[in-house]
Amino acid sequence: MFKTKGNAMKISSSLKSLPYLAAALLACLSAGTHAQDDIANYPNKPIRLIVPFGPGGAGDAVARLMADRLRPMLNNATILIENKPGAGGAIGTTELARAKPDGYTLLLAFDGNLVVSPTLVKSITFHPVRDFQPIAKLVNLPIMVVAHPSVKANNIKEFIDQSKVKPGDITYGTTGVGNTMHLAGELLRTRAGMAWTHVPYASGGAKTLTDLAGGFINSAILSVSVAGPMIRDGRLKGIGVFSDKRALLLPDVPTFQEAGIGGIEASSWLGLVAPAGTPRPLVDRLNKAANEVIRNPEAVARLQALALEPTPGSVDEFDAIIKSEFAKWTQVVKDANIKVEQ
C-alpha cells in the first residue's frame with residue numbers, strides 16, 4: 001500500500017507539472033520560430049561594416065566595393081561603412097568582438113590586426129579564434145623580398161648565401177616592428193638560415209622604398225604593389241615572393257617554395273568576419289554573396305588594379321587560415337623573441 005500511495009503521489013506531482021513543461025516547450029518552439037524568421041528576413045535593418053583604418057587606401061577601397069556590390073544581393077540592404085582607425089586596427093576589431101552576433105555588425109579584418117597583433121600586444125583583449133566568426137577571405141596582398149642592385153645575388157639561393165658571408169651585412173627594411181612583413185623576415189631567418197638585420201620604418205612603405213632605392217638599406221620586404229614598378233623598370237631586384245604561387249603583377253619573380261624553402265608562406269590579406277556566435281545560416285549566406293562579388297569580372301579587374309588578388313573560398317577554409325596563421329606567428333614571435341612597445 002505504501003508503494004502504491006507513493007507512486008500515486010509521484011504521478012499526481014508529474015501531472016501538476018505538465019502545464020509548466022508544456023509552456024516551456026512552447027516557449028522553445030516559439031524562440032526557434034522567431035530565430036528562423038529573423039534569418040529568413042535578413043537583413044531587415046542597416047548592416048554596419050567596420051573598417052579598422054581610415055578612409056583612402058586599398059583596404060578602404062575593398063570595403064566600399066564590397067558594400068556597393070553586396071547590397072543588391074542582400075535585399076538592397078543599407079550597408080554603412082564605419083572607419084574606426086587606431087591602435088593598429090585594435091579599436092575597430094575590439095568593437096566587433098563586443099557586438100551582438102546577429103549579422104548586423106561585420107568587420108573588414110586584415111591579417112595584421114586579427115592574427116599578428118594578438119601575438120605581440122598584451123593589452124589586446126580579443127582572441128582571433130575565440131571571439132570571431134570567419135565569413136570569407138576576400139583578397140591577398142602578396143609580399144616579397146626586393147634588393148638593391150648593389151646586392152650581387154640574382155636568385156633566392158644566392159641571396160641567402162650572400163647573407164652568410166658577412167652576417168648582418170644584409171639589411172632588410174619593413175614598415176615597422178611586429179607586422180606581417182617583419183615576421184615574414186624572421187620566419188625566413190629562422191627557417192632558411194638568413195643572417196640579416198632588420199631596419200624598421202615606422203613611416204611606412206614609401207620611405208622604406210625610397211631608402212632602398214637610394215642604397216641606405218640593401219633589401220626590404222614590401223608588398224608587390226609597392227615594389228613592383230621599380231622592379232619592372234630595373235631599378236630594384238625581385239628576389240622572392242612569400243606566397244605559395246607567383247604574384248600576378250610580377251610573374252617572373254619566383255616563390256621561396258620554388259627554391260625548395262617550404263613553410264614560410266606569408267601574405268597580407270583582407271576578409272570579412274562577424275562576432276562569434278553569429279548563426280551559421282547567416283554566415284553561409286554572407287559567404288556566398290561575398291564570393292559572388294570577388295568572382296565578378298568587373299570586381300576582379302578593380303581589385304587587380306589595386307594589386308590585390310581575389311581569394312574566393314569557403315567559411316571553413318578561412319577559419320583554417322586564421323587558426324593556422326595565429327599559431328604560426330605566435331611561434332615566430334616566441335622563437336625570435338620579438339617585443340613591441342605598448
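**Exercise 1. How many aromatic pairs does a search of the whole structure find?**

Solution. The search turns up seven aromatic pairs. Rings of Phe, Tyr and Trp (its six-membered ring) pair if their centres lie within 6.5 Å; planes under 30 degrees apart count as stacked, over 60 as edge-to-face and the rest as tilted.

Before going on, a word on the source: this is a predicted model, where local features need pLDDT of at least 70, side-chain atom pairs count only at pLDDT 80 or more, and totals for chains, interfaces and linings use all residues. Residues are numbered from 1 along each chain as its sequence is written, and side-chain values use heavy atoms, with hydrogens and water left out.

**Exercise 2. Describe the helix α6.**

Solution. Start with its length.
- Helices here are DSSP runs of H or I, at least four residues, and strands are runs of E, at least two, numbered from the N terminus.
- Next, look at burial: 10 of the 13 residues of α6 are buried, so the helix is largely enclosed by the rest of the structure. Buried means under 20% relative accessible area, exposed over 50%, partly exposed in between (1.4 Å probe, protein chains only). Among the buried ones are M181, H182 and E186.
- Now check the ends. N179 caps the N-terminal end, with a side-chain oxygen 3.2 Å from the backbone nitrogen of M181. After the helix comes G193, whose phi is positive, near 75 degrees.

**Exercise 3. Is S219 buried or exposed, and which residues is S219 in contact with?**

Solution. Find S219 in strand β7, residues 219-223.
- S219 has 0% relative accessibility, so it counts as buried.
- Its side chain reaches the backbone oxygen of T171 at 2.6 Å.
- Leaving aside neighbours within four places in sequence, the contacts of S219 (heavy atoms within 4.5 Å) are V146, A147, F159, I170, T171, Y172, G173, W196 and L212.
- Three names on that list come back elsewhere: F159, Y172 and W196 form one aromatic cluster.

**Exercise 4. Where does the charged end of K45 sit?**

Solution. Look at Y104: the charged end of K45 sits over its ring, 4.7 Å from the centre. Likewise, K328 has its charged end over the ring of W329, 4.6 Å from the centre. To count, NZ of Lys or CZ of Arg must be within 6 Å of the ring centre and within 35 degrees of the ring normal.

Methods: A polar contact is a pair of N or O atoms within 3.5 Å; within protein, one must be able to donate a hydrogen and the other to accept it, and residues adjacent in sequence count only if both atoms are side-chain atoms. The expected span of a helix is 1.5 Å times one less than its number of residues.
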